[in-house]
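I opened the notebook for a friendly look through this one.

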Amino acid sequence: MINLNMPDFDAGYPAYCTLNELLHTHPEAFYENTKVAAIFGCFNAAIWNGGGMLISGSVGRDFVRDRVNFYNNVMHVPMRLTFTNPLITEHQCYDTYCNMIAEECHNGLNEILTSSPVLEDYLRKNYPNYKFCRSIIATKDEPYNTDPKYDLVVMRRRMNNNWEYLDTIPMEHRGKIEFLCCDPCPDDCPRIYTHYRDFARAQIELNPDGPNVQCSMHQIKGDFQAKYTRSLETYISRDLIEKEYLPRGFTQFKLSGRTNIGAIIFNIINYYVKPDYREDVTIQLYHAYMGG
């Protein structure tokens, strides 16, 4: 089974509502050997968020409960909270808003991506019923981590298609390794980890205009970004998953696209929908996003 970890349970909510309907009414449009294993993201203005910036206004408890109910009880998919801000201090672990989110999602079904040891220790102590996944932000000095305390670990991107290395990984570890398939960041980006820290600082300060948060990839839009991403050595296509990763026992794949509805829909189509149905499903997903 190909397990897809899809982007942004908040911004992508209209698209996922329609996807859920189509999975029931037109299951023939989707690959039988594929499922949405989790949908990652966070809620706006949560300082624990990492990997990108979510700066706009906070949401209320009822809003969080509504999203949890849909993904867990209607769509039957875990939410994976991106609590990966590497700059969180012990004092910031007691942030009221972030703890409200953690409380409402703490039902034994959902997951947390972690990066900061300080925040991870706090979360494990206070919210033990989550599954914990190790973020790619924490893999600067190691390709992956085999610590059994993690239910899943994200592979360092530079190792994505390094078959010589991947073939050395013991089979019993391969089902817990997740690959980031379609991130538009350049393969040899010299700022990949410092950029994460700049995003983290801007998130804590709720300042989208903070220093060093802009990336040249933000200037590549639409089809041009998709074509650029597919040209990267670290890009993993649906076809490559079928031909190379599944036979090797790798089954976990993460798709980029947070806060970008176009990227969210593009990845649903290209990784989950059969070619003959892609045009129709694309129209329905965009129609849902535009409000019917």
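**Entry 1: aromatic rings**

I looked up Tyr71 and found it buried, since its relative accessible area is 0% (buried is under 20% relative accessible area, exposed over 50%, partly exposed in between, with a 1.4 Å probe and protein chains only). Tyr16 is buried too, with a relative accessible area of 0%.

A reminder to myself: this is a predicted model, where local features need pLDDT of at least 70 and side-chain atom pairs count only at pLDDT 80 or more, while totals for chains, interfaces and linings use all residues. Residues are numbered from 1 along each chain as its sequence is written, and side-chain values use heavy atoms, with hydrogens and water left out.

I then looked up the aromatic pairs and noted 19 in the structure (rings of Phe, Tyr and Trp, the last by its six-membered ring, pair if their centres lie within 6.5 Å; planes under 30 degrees apart are stacked, over 60 edge-to-face, the rest tilted). One of them is Tyr16 with Tyr71, edge-to-face at 6.3 Å centre to centre and 70° between the planes. Tyr16 sits in helix α1 (residues 13-25) and Tyr71 in helix α2 (residues 61-74), so I have a link between distant parts of the chain, 55 residues apart (helices are DSSP runs of H or I, at least four residues, and strands of E, at least two, numbered from the N terminus).

Tyr127 and Tyr130 are also edge-to-face, because their ring centres are 6.4 Å apart and their planes at 70°. Tyr127 is buried at 6% relative accessibility, and Tyr130 is buried at 6% as well.

I also noted one aromatic cluster formed by Phe9, Tyr13, Tyr16, Phe43, Phe63, Phe70 and Tyr71.

**Entry 2: helix α4**

Which residues of helix α4 are buried? In α4 (residues 117-126) I listed Leu119, Glu120, Tyr122 and Leu123. They lie on the same side of α4 because they cover an arc of only 165° around the axis, taken from the directions from the helix axis to the C-beta atoms. Exposed Pro117, Asp121 and Lys125 are on the face turned away from that buried side. The buried residues pack against β3 (79-83), α3 (96-104), β4 (111-114) and β5 (131-134), where contact means heavy atoms within 4.5 Å.

**Entry 3: totals**

I counted eleven helices and eight strands in the protein. Of its 292 residues, 54% count as buried.
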